[in-house]
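Please keep the sequence and the coordinates at hand while reading.

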Amino acid sequence: MSLPELGAVRAFWEGSPLWTGESTHPEGSREFFEEHRSVVIDDCLAGSFDDRTLPRCARDEPVLDLGCGPGFWALDFTRRGFSRVHIADLTAHGLQLATQRFASYGLERPPAFQVNAERLPFADGSFAHVNCQGVVHHTPKTERACQEIARVLKPGGTASVSVYYRNAVLRAWKLLGPGASRLAAGLKIGLKGRGREDISSYDTVEEVVRRYDGADNPIGKSYSRRGANDLFQPYFHVDEVYLHFFPARALPFPIPHALHRLLDRRVGFLIYLNLTKR
Ligand SMILES: C[S@@+](CC[C@H](N)C(=O)[O-])C[C@H]1O[C@@H](n2cnc3c(N)ncnc32)[C@H](O)[C@@H]1O
């Protein structure tokens, strides 16, 4: 089956930037961004920002946050002293939120670019580090976007990227077939907002992954460990690979912090790769 076109991807993310449709606060308010940060760190990442995702370059070198969405990473890097962070996204709406995020913390507006990751408008070697979290699995030509990340990096430049990982939960879901969605519905597993409450109607793992970001999300791909490596190995040395991202708020009951941490590290839904350009 052929994938939807980039236009459909853009239309979805223009209408539904990350964290919109979930927040209990007005979009773009300081509270909206604080709540987003706390959900990313406390819920998705089980309680701590992982320093392995920090840019691996000097603080005064140029960094690109590609597919920045509402600007979580770009702001955190800037507040940690990276002074030349650039933001880029497929959508004007994502860039607007990221810019508002900087403004709401009294920080200068970063250089902002509306781009397609598959064909970046930057010269070869423009950046020392590219951060690209949860982005390339949403674009039709994922391999092309990975190649572009390498192209815009200087020789020896670094990148931190993440894509959806076909973890033990998703592999078990596949084995169980339709029984998995019935079980999930029975246990009341689901996420509020963005049309995702009805997880029992998601028949396949592919559907679950695609619709994790919203019922109407046109593209969401997941990868095995080898598949993720294969995306980047043609252009990069893979320095480090680790799992993260276990949104415990999807469970119908709270779980102990130690268990959350264990699940996040062992059964994470994202696979992160630290890369160095060949
Ligand atoms: C799941 S959000 C991740 C946002 C951010 N990286 C984060 O981790 O908080 C995916 C983002 O990727 C952007 N995106 C999708 N396809 C893209 C493409 N081809 N080029 C640039 N950005 C893209 C979307 O607009 C959206 O903001």
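This is a predicted model: local features need pLDDT of at least 70, side-chain atom pairs count only at pLDDT 80 or more; totals for chains, interfaces and linings use all residues.

Residues are numbered from 1 along each chain as its sequence is written, and side-chain values use heavy atoms, with hydrogens and water left out.

Rolling a probe the size of a water molecule over the atoms shows where empty space is left. On a 1 Å grid over the protein atoms alone, a cavity is a set of points where a 1.4 Å probe fits but cannot get out, whereas a pocket is an open set with protein on both sides within 12 Å along at least five of seven lines; lining residues have an atom within 4 Å of a point. Grid points are joined across faces, edges and corners, and a volume is the space filled by probe spheres set on the points.

One cavity of 30 Å³ or more is present. The largest cavity has a volume of about 790 Å³. It is lined by 43 residues, and those closest to its centre are W13, L18, G67, Q133 and G134. Helices (H or I, at least four residues) and strands (E, at least two) are DSSP runs, numbered from the N terminus. In these terms, α1 (6-15), α2 (30-44), α3 (72-79), β5 (153-165) and β8 (270-277) are the elements that give two or more residues to the lining of the largest cavity. The most comes from α2, with four residues. By class, the lining of the largest cavity has 24 nonpolar, 13 polar and six charged residues; here Ala, Val, Leu, Ile, Met, Phe, Trp, Tyr, Cys and Pro count as nonpolar, Asp, Glu, Lys and Arg as charged, and the others, Gly among them, as polar.

The second largest pocket holds about 330 Å³ of space. Of its 15 lining residues, L3, E206, R210, G220 and K221 are the closest to its centre. Helix α8 provides the largest share of this lining, five residues. The lining of the second largest pocket divides into seven nonpolar, three polar and five charged residues.

In soluble globular proteins, nonpolar side chains tend to be buried together. A nonpolar core is a set of buried Ala, Val, Leu, Ile, Met, Phe, Trp, Tyr and Cys residues joined through side-chain atoms within 4.5 Å, and buried means under 20% relative accessible area, exposed over 50%, partly exposed in between (1.4 Å probe, protein chains only). The largest such core has 46 residues, of which F49, F77 and F245 touch the most other members. Helix α2 gives the most to this core, with six residues. Apart from it lies another core, of 31 residues, including L66, A88, F122 and A150.

Helix α3 is largely enclosed by the rest of the structure, because six of its eight residues are buried. These are F72, W73, A74, L75, D76 and F77. Their cover includes α2, β1, β2, α4 and β4 (127-133).

Most residues other than glycine have a negative phi, and most peptide bonds are trans. Just after α3, G81 takes a positive phi of about 105°. A46 is not a glycine, yet has a positive phi of about 55°; A46 is in the loop between α2 and β1 and is buried at 0% relative accessibility. F245 has a positive phi near 90° and lies in the loop between β7 and α10 (257-266). Beyond its neighbours within four places in sequence, F245 is in contact (heavy atoms within 4.5 Å) with C44, L45, Y212, D264, G268, F269 and L270.

A salt bridge is a side-chain nitrogen of Lys or Arg within 4 Å of a carboxyl oxygen of Asp or Glu, and the whole structure has 17 of them. One joins D239 and R56, with the closest N and O atoms 3.2 Å apart. D239 is in strand β7 (residues 236-244) and R56 in the loop between α2 and β1 (63-66), 183 residues apart. D239 is partly exposed at 40% relative accessible area, and R56 is partly exposed at 36%. K154 and E61 form another salt bridge (2.6 Å, N to O), linking strand β5 to the loop between α2 and β1 across 93 residues.
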